[in-house]
Amino acid sequence: MGTTGDYECPRRVPIPPSKPFLKSLQTSLKETFFPDDPFRQFKNQPTSRKFLLGLQYFVPILEWAPRYTFYFFKADLIAGITIASLAVPQGISYANLASIPPIIGLYSSFVPPLIYAMLGSSKDLAVGTVAVASLLISSMLGKEVSPTENPKQYVQLIFTATFFAGVFQASLGILRLGFIVDFLSHATIVGFMGGAATIVCLQQLKGMLGLVHFTHETDLVSVMCSVFGQIHQWRWESAVLGCCFLFFLLLTRYFSKRKAAFFWINAMAPLTSVILGSLLVYLTHAEKHGVQVIGHLKKGLNPPSASELAFGSPHLMAAIKTGIIIGIIGLTEGIAVGRTFAMFKNYHIDGNKEMIAFGMMNIAGSCTSCYLTAGPFSRTAVNFNAGSKSAISNIVMSTAVMFTLLFLTPLFHYTPLVVLSSIIISAMLGLLDYEAAIHLWKIDKFDFFICLGAYLGVVLGSVEIGLVIAVTVSLLRIFLFVARPRTIVLGNISNSGIYRSMDQYPIAKNVPGILVLQIDTPVYFANASYLRERISRWIYEEEDRLKSARETSLHYVVLDLSAVGSIDTSAISMLEEIKKNVDKRGLKLVLANPRSEVMKKLDRSKLIDTIGREWIYLTVREAVAACNFMLHTCKSNPVAIDYNAQDNNV
């Protein structure tokens, strides 16, 4: 094949200088765990200033509180009262969904919002209980301890699960492991949340139909069997009342969506439903005609519950597992909601700070008779539309809930459970994001089937099965991306030195006698074997094509490594085997634009000498020019190569 001894390359690919191992490790750890470089604000600062900045970093309210104005307070006061009107009925409803006393739902809207207001970085997130986590708690812990036969032990397990959820969330934030949550893709979340919303709605048929006994299973078949197996126990009074209030709630949502200025109608609708439902039951004595009511709610603030944490329970592992799962769900929903509304106001949400804030508020909540809280979309949307300016709106909401706990709880005695079911169904219908599913189908069919798989896993199996499917499919897709990277054949765009994918650019043409391949991912043990086989296949397919077309036979294989950020020892072995395979076929292997880490490892492994330093080029254009030089020019008559050809814009 010859050498490039008489060929002068204008630029050679240098071998970067080696760095000490500890310095390289430090750089890698910084890039992995501190991509936002949170320590840059401490540089060149006196000790007292560093201490203050540290406090402000971990307790963000200390950073923005000095700039807080009365104008902001007026807006936050209105927003806080508005979301409190939603928090009270939702708190009671979701507690009922979790099969715990309704008063715990109110407790959970008092302490956690105060903690988040001090530690959270979102100006718009409204803290409260969430339906999906409530359903998960009921379905997972209800299998361990019956909420009706052992209510005290069941509540203790819930507090324990909430504690471990908080520890898990805070640990992720402190250890800068927030990227773990990112393994749940958008398609997975849409499917899982939609499936969970469907199951929650089906569970509410118990309250809507006035049924006393109902299945503890969450799958579609079990719920339908339970509903239609008790037709003789359906209460028409509950059904009519529930349908009327559900229609009212959906109607207010429709008007609110039509005109943003009417957001308060939708925000006040749940509390209005509770008040009207309670008055109706009180005046007509409907509780004596089959309409179930909440009953007595005791007055007073949250009692301490640290002593109730069941660390010695035989069901501790179930509580830990439940805590980790609901912790992930709470983080995923809360951070996604916070970032969504932060984008509207053009400010940044620190994911790790949010994890610490969520974790601390759930740890504190578990010690003050609260169960898992996060950042529900419905409540945050109301807070945003009400004009909140800061996390003070959470403090206002907490104060309103405190007033309710101290003075107003007896008023909820006659609240019908069917109204709570209507509130839950109305809220859950907003999580059935069919428009997002249609969008996934149009953009990426694979993402759509991931979404569908997560949805069907929840609806036909259980919430746990749906979550396992969602996580497994997300990890499987990541594995496929890593283990089966793309290799692309590049062609030359006429009258230029530009080389692009021949699939994307039909005008790109093959270079006679040269096969140019691009690898578009780092090469590791997981994909090295696949790439070796795929590159070998490209070579013999190209040889067969040239032979059948009676064109110039293949002489050079150029590997474009510009997208290969790093390689490992398996990749080195793969390149060695490709080199041997190419040599056996009488071809020459040429490398183009290897990156810094790749060059270091090629040099250390001595593979750079095996390939030949003269066959490693800065760009594909230079590599192809050198190959053409060897193909068409004799050593005794060297020609000049024009490297300054005008590049076309792509």
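This is a predicted model: local features need pLDDT of at least 70, side-chain atom pairs count only at pLDDT 80 or more; totals for chains, interfaces and linings use all residues.
Trainee: What makes the charged end of Lys 445 count as sitting over the ring of Trp 441?

Mentor: The charged end lies 4.8 Å from the ring centre. A charge sits over a ring if NZ of Lys or CZ of Arg is within 6 Å of the ring centre and also within 35 degrees of the ring normal, so the 4.8 Å of Lys 445 meets the distance condition.

Trainee: Why are Glu 541 and Arg 537 called a salt bridge?

Mentor: A salt bridge needs a side-chain nitrogen of Lys or Arg within 4 Å of a carboxyl oxygen of Asp or Glu. Here N to O is 2.9 Å, so the pair qualifies. The two residues are four apart in helix α22 (residues 525-548), which means they are separated by about one helical turn. A helix here is a DSSP run of H or I with at least four residues, a strand a run of E with at least two, both numbered from the N terminus.

Trainee: How do you know whether Glu 541 is buried, partly exposed or exposed?

Mentor: Buried means under 20% relative accessible area, exposed means over 50%, and partly exposed is in between (1.4 Å probe, protein chains only). Glu 541 has 32%, so it is partly exposed. Arg 537, at 36%, is also partly exposed.

Trainee: Which residue forms a salt bridge with Glu 542?

Mentor: Arg 545 does, with the closest N and O atoms 2.8 Å apart. Both lie in helix α22, three residues apart, about one turn of the helix. Glu 542 is buried at 10%, whereas Arg 545 is partly exposed at 29%. Arg 545 also meets Glu 551 in a salt bridge, at 3.8 Å from N to O, and Glu 551 is partly exposed at 43%. Elsewhere, salt bridges that share partners join Asp 444, Asp 447 and Arg 477 into one network. The structure holds 13 salt bridges.

Trainee: What makes the phi of Arg 550 worth a note?

Mentor: Most residues other than glycine have a negative phi. Phi of Arg 550 is near 55 degrees, a positive value. Arg 550 is found in the loop between α22 and β5 and is exposed, with a relative accessible area of 79%. Lys 606 also has a positive phi, near 65 degrees; Lys 606 lies in the loop between α24 (596-604) and α25 (607-611) and counts as exposed at 53%.

Trainee: Why is strand β6 (residues 588-592) described as largely enclosed by the rest of the structure?

Mentor: Because five of its five residues are buried. Lys 588, Val 590 and Ala 592 point one way from β6, and Leu 589 and Leu 591 the other way. In a regular strand the side chains alternate between the two faces of the sheet.

Trainee: How do you know that β6 pairs with strand β5 (residues 556-560)?

Mentor: Two strands pair if DSSP finds at least two bridges between them. β5 and β6 have five, in the parallel sense, so they pair. Within this pairing, Asp 560 stands opposite Ala 592. β6 and strand β7 (residues 616-617) pair in the parallel sense over two bridges, with Leu 591 opposite Ile 616.

Trainee: Why is the aromatic pair of Phe 344 and Phe 384 called tilted?

Mentor: Rings of Phe, Tyr and Trp (its six-membered ring) pair if their centres lie within 6.5 Å; planes under 30 degrees apart count as stacked, over 60 as edge-to-face and the rest as tilted. The centres are 5.7 Å apart and the planes make 50 degrees, so this is a pair and it is tilted. Phe 344 in helix α14 (residues 316-345) and Phe 384 in helix α16 (residues 377-385) are 40 residues apart. Phe 344 is exposed, at 52%.

Key
Residues are numbered from 1 along each chain as its sequence is written. Side-chain values use heavy atoms; hydrogens and water are left out.
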